[in-house]
Amino acid sequence: MRGIMSYDAMETIRNTNEWMGASAKAMGSYPIFALIPHPAFHLLSAWGRVTERSFSRMVVKPDWELPPIIGDQGQDHIVYVEPVMRRAFGDLIHFRVARREPLPRKVLLVAPMSGHYATLMRSTVTSLLNDCELYITDWHNARDIPVSEGKFDIEDYTQYLVDFIRHLGPDVNVIAVCQPAPLALAATAILAEEDPKAQPRTLTLIGGPVDPDAAATEVTDFGNRITMGELEHLAIQSVGFKYRGAGRMVYPGLAQLSSFISMNLETHSKAFINQIFAEARGTATEADKHNKFYDEYLAVMDMTAEFYLSTVERIFKNLEIAKNQFSVEGRPVDIGKITDVAVMTVEGANDDISAPGQCVAALDMCTGVPAEKKVQHLEPGAGHYGIFAGKSWRLNIRPLVLDFIDDNAALPDSVKPKRRRKVGGEAADCGVTDVTDSGKMAV
């Protein structure tokens, strides 16, 4: 009951703030106050609008809302989000572009399970749809999964990736962003040993903690300081009776969001203060940069307790992937078994989540991969978010990743997709919301 009471207490605080925001918005908007020329009423209403919107977004899964793809003849092609494989803890999603033949580049985008929904990668998806037949892992909110579905830890996560890659076939190119990078590497190693014909053609790891000890960050320091007993006591709660997963032990998304915000508290505080004044002046809009960013950033999901705890213990503390000592259901996973898969790593020079050195360690671990099939890229001035969703991704990294895929495609040059080279220092604009290269919203 302690865990349930804590979970419901957090939800009560969120509900109360949402209600206070709605009340302030309504009170500040009374027509009679228009007769009183005092800015306090405008600020009260503006504070209410920003507060209500912010706290209401925390329990809503965002829609994909992908723009149509423009065809060669200028026609719009609607993008449909279709499940290919349904599982209890996550689905394999296909972005089908209507009235377009499947493209030769087949890409599986492995979204992180780190407190946000896969829609956090909407801009990444949008930027790849023009050039790829795209699939993505859509992880479910643990609070909505009944206890009867059982556990879900990093071994189950890895097995999900194995099944997804096997289903898509050997011509798939895997791009794993952040948290799943070490587990995508393990899944590839499992296929290399058990089902070589099902291996992906290429594996691109972007800003992931393959070897957390290679470079210290606040994340790794926290993982090393705290004991597993302390972490379980402080972070793990039971889902309240409001949701289908009542009684399931989880790491709440609201707790993760608090951690995210505290890491850049000054930046986030300034952003919200500026938005309140923008609302009061009447210059804020429904789809301005603040709302587009925070509508996604504040939408958080719970992770199963066993997934969160096993990630900290086995990936960060015991370094099982880094030391090549990882196992799934008692079977050792040998990264050295990977021989036919081309591997690329991408890091941001200013990444404060997964610092340079943590991801590129994967190349040294892939002892069976020839040197000509290994590629690494360090993006100057880029932070964590920027290397997969910001300007750095669109202008520099994305063209390199597509070229890497093409260089290892089993297709004659005459039928290979046209490369997206940069022209005059700029890549094609994909209509993606800008963030600064440091990964923080431009305010």
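## Basis of the description

In this predicted model, local features need pLDDT of at least 70 and side-chain atom pairs count only at pLDDT 80 or more, whereas totals for chains, interfaces and linings use all residues. Residues are numbered from 1 along each chain as its sequence is written, and side-chain values use heavy atoms, with hydrogens and water left out.

## The largest pocket

The largest pocket holds about 1,200 Å³ of space; a pocket is here an open set of points on a 1 Å grid over the protein atoms alone, with protein on both sides within 12 Å along at least five of seven lines. Its volume is the space filled by probe spheres set on the points, which are joined across faces, edges and corners. The lining, meaning residues with an atom within 4 Å of a point, comprises 50 residues, and those closest to the pocket centre are Val-219, Gln-256, Phe-260, Met-263 and Ile-353.

At least two lining residues come from each of α5 (181-194), α6 (218-225), α7 (228-235), α8 (253-263), α9 (265-281), α10 (289-297) and α11 (305-317), where helices are DSSP runs of H or I with at least four residues, strands are runs of E with at least two, and both are numbered from the N terminus. Domain 1 (4-59 + 264-298) and domain 2 (70-228 + 302-408) each give at least three residues to this lining, the domain bounds being taken from an automatic or database domain assignment. By class the lining has 30 nonpolar, 16 polar and four charged residues, with Ala, Val, Leu, Ile, Met, Phe, Trp, Tyr, Cys and Pro counted as nonpolar, Asp, Glu, Lys and Arg as charged, and the others, Gly among them, as polar.

## The two cavities

There are two cavities of 30 Å³ or more, a cavity being a set of grid points where a 1.4 Å probe fits but cannot get out. The largest cavity has about 100 Å³ of space and is lined by 13 residues, with Tyr-7, Glu-11, Arg-143, Leu-254 and Asp-302 nearest its centre. Two or more of the lining residues come from each of α1 (2-28) and α8, and α1 gives the largest share, with three residues. The lining of the largest cavity divides into nine nonpolar, one polar and three charged residues.

The second largest cavity has a volume of about 70 Å³, and its lining includes Arg-53, Arg-57, Glu-279 and Asp-295. Helices α2 (39-56), α9 and α10 each give two or more residues to this lining, of which α10 supplies the largest share, four residues. Its classes are four nonpolar, four polar and four charged residues.

## A three-stranded sheet

An open antiparallel sheet of three strands runs in the order β9-β10-β11, with β9 (237-238) and β11 (303-304) as edge strands that each pair on one side only. Pairing requires that DSSP finds at least two bridges between two strands, and β10 (residues 249-251) and β11 are joined in the antiparallel sense over two bridges. Tyr-251 stands opposite Met-303 in β11.

## Cysteines without a disulfide

The structure holds zero disulfides, a disulfide being a pair of cysteine sulfur atoms within 2.5 Å. The sulfur of Cys-178 has its closest cysteine sulfur in Cys-359, 9.4 Å away, and is therefore too far for a bond. Cys-178 is buried, with a relative accessible area of 13%, and Cys-359 is also buried, at 0% relative accessibility; buried means under 20% relative accessible area, exposed over 50%, and partly exposed in between, with a 1.4 Å probe and protein chains only.
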